[in-house]
Amino acid sequence: MKIFSGTSVIHLSSLISRAVNIELSQIKICRFKDNEINIKINENVRGEDVYIIQSTCNPVNDNLMELMLIVDALKRSAAKKIIAIIPYYGYGRQDRRANSEQVPITAKLVANLLSISGIDQIITVDIHCEQIQGFFDIVFDSISPETIFVKDINKKNFSNPIIVAPDFGSIRRARKISQALKNIEVVIIEKFRPNFNEIEVANIIGNVKNRSCILVDDIIDTASTL
């Protein structure tokens, strides 16, 4: 088994490497003058199960392309199985055509690209929409971080806590945290987007007065919700 790291999560990859007591494998990632990414695998991976750790976070397009190029290099080097660990899965929010608008379903397109690149399995953390798993014909695992959050919340011993779902799409996550915390109350924020990357709160469904509010969400982009 070998573990490779992309450039987006070098520190995390080092922590994982130490935790499993396997050194990170050698890879050279550089760029040409026109910013094209160049990949070279510096170890023999023939017949090996290979893990690649790479988030498709900002800059999402560069990191996504880098991941696919690493996969292609490993595939052409006769790796037996390629597992991509993608802690943050970019483009996960663009999973449908809302109101039949003339827009791409980018999450599906990215799923196609990753599958075609040669990945055998994907492991991510808390995928934005669970239905994205259906875009893949390969094994796709989304790991929930809820147990970690629940332990941390219990340690902090908040006074009169309440769980806040920042929109209707977050209710499932909020209720799972609530159930793990002995079914503490959940309130919901009703919000809308007047323009792209803009958020306005229309209503708060529930009473948060004098409560310790624990906001449960999966992505912070502009932080407008917070």
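This is a predicted model: local features need pLDDT of at least 70, side-chain atom pairs count only at pLDDT 80 or more; totals for chains, interfaces and linings use all residues.
Biologist: What does UniProt list for residues 1–118?

Modeller: An unreviewed UniProt entry gives them as "domain: Ribose-phosphate pyrophosphokinase N-terminal".

Biologist: How far apart are the ends of that span, and how much of it is helix or strand?

Modeller: The end C-alpha atoms of residues 1–118 are 17 Å apart.

Biologist: Start at strand 1, then. Which way do its side chains point?

Modeller: Lys2 and Phe4 point one way from strand 1, while Ile3 and Ser5 point the other way. All of them are buried.

Biologist: What does strand 1 pair with, and in which sense, parallel or antiparallel?

Modeller: Strand 1 pairs with strand 4 in the parallel sense, over four bridges. Within that pairing, phenylalanine 4 stands opposite isoleucine 52 of strand 4.

Biologist: Back to lysine 2. Why is it called buried?

Modeller: Because its relative accessible area is 16%, and buried means under 20%.

Biologist: Which side chain does lysine 2 meet in a salt bridge?

Modeller: Glutamate 43, with an N to O distance of 3.0 Å. The pair links distant parts of the chain: lysine 2 sits in strand 1 (residues 2–5), and glutamate 43 in the loop between strand 3 (37–41) and strand 4 (49–53), 41 residues apart. Glutamate 43 counts as partly exposed, at 25% relative accessibility.

Biologist: How many salt bridges are there by this rule?

Modeller: The count comes to seven. Side chains of opposite charge can pair when their charged atoms come close.

Biologist: Which partner does aspartate 126 have?

Modeller: Aspartate 126 forms a salt bridge with arginine 173, and their closest N and O atoms are 3.1 Å apart. This pair also links distant parts of the chain. Aspartate 126 is in the loop between strand 6 (121–125) and strand 7 (139–143), and arginine 173 is in helix 5 (residues 171–180), 47 residues apart.

Biologist: Is arginine 173 buried or exposed?

Modeller: Arginine 173 is buried, with a relative accessible area of 5%.

Biologist: And lysine 176, what does its side chain meet?

Modeller: Glutamate 146, in a salt bridge of 3.7 Å from N to O. Lysine 176 lies in helix 5 and glutamate 146 in helix 4 (residues 146–156), so the pair ties together parts that are 30 residues apart in sequence. Lysine 176 counts as partly exposed at 36% relative accessibility, whereas glutamate 146 counts as buried at 15%.

Biologist: Change of topic. What is the strand order in the open sheet of four strands?

Modeller: The order is 10-9-8-11, with mixed pairing. Strand 10 (200–205) and strand 11 are the edge strands, each pairing on one side only. Neighbouring strands in this sheet are turned by 30° against each other on average, direction ignored.

Biologist: How do strand 9 and strand 10 pair?

Modeller: Strand 9 (residues 186–192) and strand 10 pair in the antiparallel sense, over five bridges. Phenylalanine 192 has glutamate 200, in strand 10, as its bridge partner.

Biologist: Last one, the surface. Which residues form the nonpolar patch?

Modeller: Leu215, Ile220 and Leu226, which together have about 320 Å² of accessible area.

Biologist: Where does leucine 226 lie, and is it buried or exposed?

Modeller: Leucine 226 lies in the segment after strand 11 (212–215). Leucine 226 is exposed because its relative accessible area is 66%, and the exposed class starts over 50%.

Conventions. Residues are numbered from 1 along each chain as its sequence is written. Side-chain values use heavy atoms; hydrogens and water are left out. Patches are made of residues with over 30% relative accessible area and no salt bridge: like charges are joined within 9 Å, nonpolar side chains (Val, Leu, Ile, Met, Phe, Trp, Tyr) within 5 Å. Accessible areas come from the Shrake-Rupley method with a 1.4 Å probe; for residues, only the protein chains shown count as cover. A salt bridge is a side-chain nitrogen of Lys or Arg within 4 Å of a carboxyl oxygen of Asp or Glu. Helices (H or I, at least four residues) and strands (E, at least two) are DSSP runs, numbered from the N terminus. Buried means under 20% relative accessible area, exposed over 50%, partly exposed in between (1.4 Å probe, protein chains only). UniProt positions are given in the numbering used here, feature names are shortened, and annotations may be inferred rather than shown by experiment. Two strands pair if DSSP finds at least two bridges between them. Axes are lines fitted to C-alpha atoms, for helices over the stretch in contact, and angles run from 0 to 180 degrees between N-to-C directions.
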